[in-house]
Amino acid sequence: MDDRWHRREGYTFHLVNIDCMRQSTRFNVIMELSESIEGLLPYLAAVLPGCTYIHGSGVINVMDDGHIIGITGRRITFTDVGDENEAEALCRRYFQTIREVTSRKDTVAPVFQKRQDLTVLEIFRALPATNCGGCGYSTCMAFAAGVFRRETTIERCPPLAENPHRYAALFHKLALNGHRIPESTQPGRETSR
Ligand code: SF4
C-alpha cells in the first residue's frame with residue numbers, strides 16, 4: 001500500500017483521477033475496509049434508502065447526493081468526489097453506518113432483493129412540464145433526472161412545494177424509494193384542509 005492511501009481506524013481510502021476525463025478536477029474514491037462486511041450486506045441493504053441489492057451478487061449499488069456508490073465485502077467506491085475533504089466525510093459517514101448497523105443487527109430485518117422501482121420518466125410525468133426553470137434546472141426532464149440521482153430534492157420545484165397535496169402520489173412513491181420529501185407530506189403530517 002503506497003502513500004496515496006489515507007489510513008483511518010477500520011479502513012483506508014484514496015482518491016483516483018478519472019482517466020477518461022483528463023481536464024476533470026473530480027475524483028473517484030476507493031475505500032478499503034479492514035474487515036469484510038460481506039455478511040452485513042443484506043442488513044445494509046435494508047437501511048440504505050433507494051439502493052439496489054440482489055443477494056449473491058456481492059454488491060450494493062446506491063446513488064447518494066450525486067455519487068454512484070458500490071459497496072462490496074471489502075471495498076466501497078464513490079464516484080464524482082470533489083476533493084479530499086469530501087472523500088473523508090463520505091468514508092467516515094459510510095463507516096459509521098456500517099458500525100451502527102453492526103451494533104443493531106439483531107433489530108434489522110435483512111433484505112435479500114431490493115430494486116429501485118421509480119424511473120426518471122415516472123418522476124418527469126408527474127411534474128408540471130412547464131420548463132419554467134424555477135428549480136435551477138432548465139427543463140423538467142433535467143430536474144427529474146437530478147431527483148432520480150439524488151442531486152436535488154423534489155421540493156426544489158416551486159409549483160410542487162406550493163401545492164404538495166396535488167402531488168401526493170409522487171411524494172408517496174418517492175418516499176417509498178427512500179427520497180427526501182417535504183415534511184408536510186410525510187405520513188402522519190397531513191393537515192386538514
Ligand atoms: S421548477 Fe418544476 S415546473 Fe419548473 S422546470 Fe423545474 S421541475 Fe419543471
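Author: A definition comes first: helices (H or I, at least four residues) and strands (E, at least two) are DSSP runs, numbered from the N terminus. Please note also that this is a predicted model.

Reader: Which helices each supply at least two residues of the shell around the ligand?

Author: They are α4 (140-148) and α5 (158-162).

Reader: Which residues come nearest to the ligand?

Author: The ligand has 14 residues around it, and those that come nearest are C132, G134, C135, C140 and C157.

Reader: Let us turn to the fold. What pattern does the chain follow along the sequence?

Author: The pattern is β-β-β-α-β-β-β-β-α-β-α-α-α-α, which comes to six helices and eight strands.

Reader: In what order do the strands stand in the sheet?

Author: Order in a sheet is read from strand pairing, and two strands pair if DSSP finds at least two bridges between them. Here the eight strands form an open sheet in the order β1-β2-β3-β7-β6-β5-β4-β8, with antiparallel pairing. β1 (6-8) and β8 (113-114) stand at the edges with a single partner strand each, so one side of each is left without a neighbour in the sheet.

Reader: How many bridges join β5 to β6?

Author: Five bridges join β5 (residues 60-64) to β6 (residues 67-71), and the two strands run antiparallel. Within this pairing, I69 in β6 is the bridge partner of V62.

Reader: Which strands does helix α2 lie across?

Author: Helix α2 (residues 84-103) lies across β2 (11-17), β3 (27-33), β6 and β7 (75-81). Its direction is at about 140 degrees to that of β2.

Reader: Which residues of helix α6 are buried?

Author: A residue is buried if 20 or more other C-beta atoms lie within 10 Å of its own, and exposed if 12 or fewer do. In α6 (residues 168-176), the buried residues are L170, F171 and L174. They cover an arc of only 100 degrees around the axis, which puts them on the same side of α6. On the other side of α6, A169 and L176 are exposed. Just after α6, G178 takes a positive phi of about 80 degrees.

Reader: What share of the chain counts as buried?

Author: Of its 193 residues, 23% count as buried.

Methods
Residues are numbered from 1 along each chain as its sequence is written. This is a predicted model: local features need pLDDT of at least 70, side-chain atom pairs count only at pLDDT 80 or more; totals for chains, interfaces and linings use all residues. Two residues are in contact if their C-beta atoms, placed from the backbone, lie within 7 Å. Axes are lines fitted to C-alpha atoms, for helices over the stretch in contact, and angles run from 0 to 180 degrees between N-to-C directions. The arc is that of the directions from the helix axis to the C-beta atoms. A residue is near a molecule or strand if its C-beta atom, placed from the backbone, lies within 6 Å of it.
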